[in-house]
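Dear colleague,

Please find below the structure I promised to pass on to you. My notes on what was found in it follow directly after.

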Amino acid sequence: MRMVYTGVDEEDFIDARQRLLVELEAWSQMRQRTIDPVVAGAVLDYRFERDGLLGRWTREILRGALLTWFPRKVVLLDPHSSTVLTTVEALLDFFEDADLYDDRSEPPAVLRSFLRGIVDEFDEAMKEPENFGLAKFWAVAMAEHGVDPLDELGAQEFIDRVQQGEVEVDQDLLHDIAYRHYEGDPEVEPLEPAPVFALMPEDELVMEAGGLPILRRLRRFTGWVGDGRELAAKGRLAEHDARDLAARLAEPDPAGLVSLAKTAGLVRVLKGRLVRVKRAEPLLDNPLKLWRAAVPHVLDTGDGRVRYRLPERHLAYELLESLKADNDCATIPMLVDILDDTADLAWRDADAAPVLRVLDQLAEYGLVEVFPATEEYYEDLVDFAGVLSVEEIPEEERQVVRIRPLGAQAIYEARQQAGVPTLTLEDLATETAEVFFARVAPLSPDALEKGVRLWLAARGQPQAVAELTELARRTDDFEHRMLAFQLLAEYGEQGVEAIAGLREHSAAGPAALSWLLDAGFIDESQVSGRERTYTMVDVLAAGIRSAGRKKAMEEFATQPRPAQLLFLADATICGHPRTREVLESMVLAHPDRMVSNAARKALDWLHEPDD
């Protein structure tokens, strides 16, 4: 089963949590262990909110979950340690038995000992109202007065009665809890996953920077300043100098260029004259250093050097962050949406003009590239623009923005300087196979390839083969399993033997057989119908999650109708854990009514877990 859900949609995690809880329940009955599903679900929620590593457990993680997060957020009918800690220990034992522990976890015996040592501390933390979060404070207060917190109308009436003085609560305590809530409580708030940067080597960055026209303009301008230029009132260029600069260098914005050169530290004002800064002259021969000196003019890098044009510079930073969060590429309408979430900007009217203006500036500094949207981006354009067709979107907004290597470098350095968590491919090279796949697989093909080389190089062949084989055996993520096979194959005979060794595995076997068949290592006659069906369910489930129901079903519908109907007949008995999910998608989204109706009938044949 997949155990890494860093940065995924909450719906995907909820599905995984439900599958884990079903298996935990079955395990607990077999082992005669007492569990509370609510507690187990809350523990999994904590791991999802913090970093998504459901199988990674240490004493520090348990302490954060049980002594801070539970007291803040979890309301239980029986919050006593005998119920909660027993369930947590059972959950950890289940992970151990099911081989779901992350390799970075502390030994189970150490964790069990820790749990038994915090019994009194946990009970004290859970009953102390000062530890409650705001939602829990109100939930407990309502429960004490016989009000169901899940009854929205009743809950609002209770709050109104408190505000009117009809019901008493500890106002001082409420004030303290509310203050902590609105100021931010980083120990319990959901964490955004640190973005992964595929940084370009410095020598290649030098070449990227060397071709920027903006740097050529700076060099020419510094030469034009020469021994100095007299300034007019308010530190502006004298009128004749401004005309000379515009004419001699074909400079469209003399005042802007002066401002940029000041930002870069190439010139300064001295006794009413604009003069060159001698110690900065080596920058002129180093494109990358000159680019770094110039970037703060358009991007809020947090270095404090520029204290003007803050709104646009801040917007530039937000745009780059948004691009990074969307795998380095986004449409103009999507980027316009961030204006609504940027409270300190003067404009908040969903107007594309400031976004387009700032993107032009970023492109000038080599941070992004902007190009016309092709058909693959049309759905995104329409969704974010809130229109019915692409033709309704202004032509200048029918564009796509992609981060350039210099842009990735700029946002990475800004985050580093601000102390914001940030990852590189080099950082992930030492991570477990599943964490590596979950974080790097969504990146560009080039970044994935580079990351793979780094990950394989960070461990010897025996270790890599063992890790990849174990992941392929355990995961229920089709893409992760196939990527594991792809990497195993790079080790030649040893890797292929590892894949072949999974052929009889109940979950990984059909996918292994399919891979061996496609690679030409086995004959078509060796593949059973059940194996083909199981693999098809794998493929469809992966497609539904990555591309959505509609697109996955449209692709499936390109097969002949008889082949689709035959698949439905076999799918009900193939034993894949996601068969129900696939059949439900067919019922809801398959374009052929006959196949959709057949899928509905197939659903009726499936065994319900709670029958």
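**An enclosed helix**

Helix α2 is largely enclosed by the rest of the structure, because 11 of its 14 residues are buried. The residues concerned are Val39, Ala40, Gly41, Ala42, Val43, Leu44, Tyr46, Arg47, Phe48, Glu49 and Arg50. The helix runs over residues 37-50. From its first C-alpha to its last, α2 reaches 20 Å, which is close to the 20 Å expected at 1.5 Å a residue.

Please bear in mind that the model is predicted.

**The protein as a whole**

For orientation, the protein contains 31 helices and 8 strands. Its C-alpha trace spans about 90 × 75 × 50 Å along the principal axes. Of the 611 residues in the protein, 50% are buried.

Helix α6 holds Phe122. Is this residue, Phe122, buried or exposed? Phe122 has a relative accessible area of 0%, and therefore counts as buried, the cut-off being under 20%. In sequence, Phe122 and Val84 are 38 residues apart, while in space their C-alpha atoms are 9.3 Å apart.

Which residues form the negative surface patch? They are Glu130, Asp170, Asp172 and Asp176. One of them, Glu130, is found in the loop between α6 (119-127) and α7 (134-144). Glu130 has a relative accessibility of 53%, so it counts as exposed, for which the value must be over 50%.

Lys271 is placed in the loop between β3 (267-270) and β4 (273-276). The phi angle of Lys271 is near 55°, a positive value in a residue other than glycine. With 81% relative accessibility, Lys271 counts as exposed.

Asn327 lies in the loop between α15 (310-325) and β5 (329-331). Phi of Asn327 is also positive, near 60°, and this residue, too, is not a glycine. The relative accessible area of Asn327 is 40%, and Asn327 is therefore partly exposed, a class that lies between the cut-offs of 20% and 50%.

With kind regards

Notes. Residues are numbered from 1 along each chain as its sequence is written. This is a predicted model: local features need pLDDT of at least 70, side-chain atom pairs count only at pLDDT 80 or more; totals for chains, interfaces and linings use all residues. Side-chain values use heavy atoms; hydrogens and water are left out. Patches are made of residues with over 30% relative accessible area and no salt bridge: like charges are joined within 9 Å, nonpolar side chains (Val, Leu, Ile, Met, Phe, Trp, Tyr) within 5 Å. Accessible areas come from the Shrake-Rupley method with a 1.4 Å probe; for residues, only the protein chains shown count as cover. A salt bridge is a side-chain nitrogen of Lys or Arg within 4 Å of a carboxyl oxygen of Asp or Glu. Lys and Arg count as positive and Asp and Glu as negative; His and the chain ends are not counted. The place of a charge is taken as NZ of Lys, CZ of Arg, CG of Asp or CD of Glu. Helices (H or I, at least four residues) and strands (E, at least two) are DSSP runs, numbered from the N terminus. Buried means under 20% relative accessible area, exposed over 50%, partly exposed in between (1.4 Å probe, protein chains only). The expected span of a helix is 1.5 Å times one less than its number of residues.
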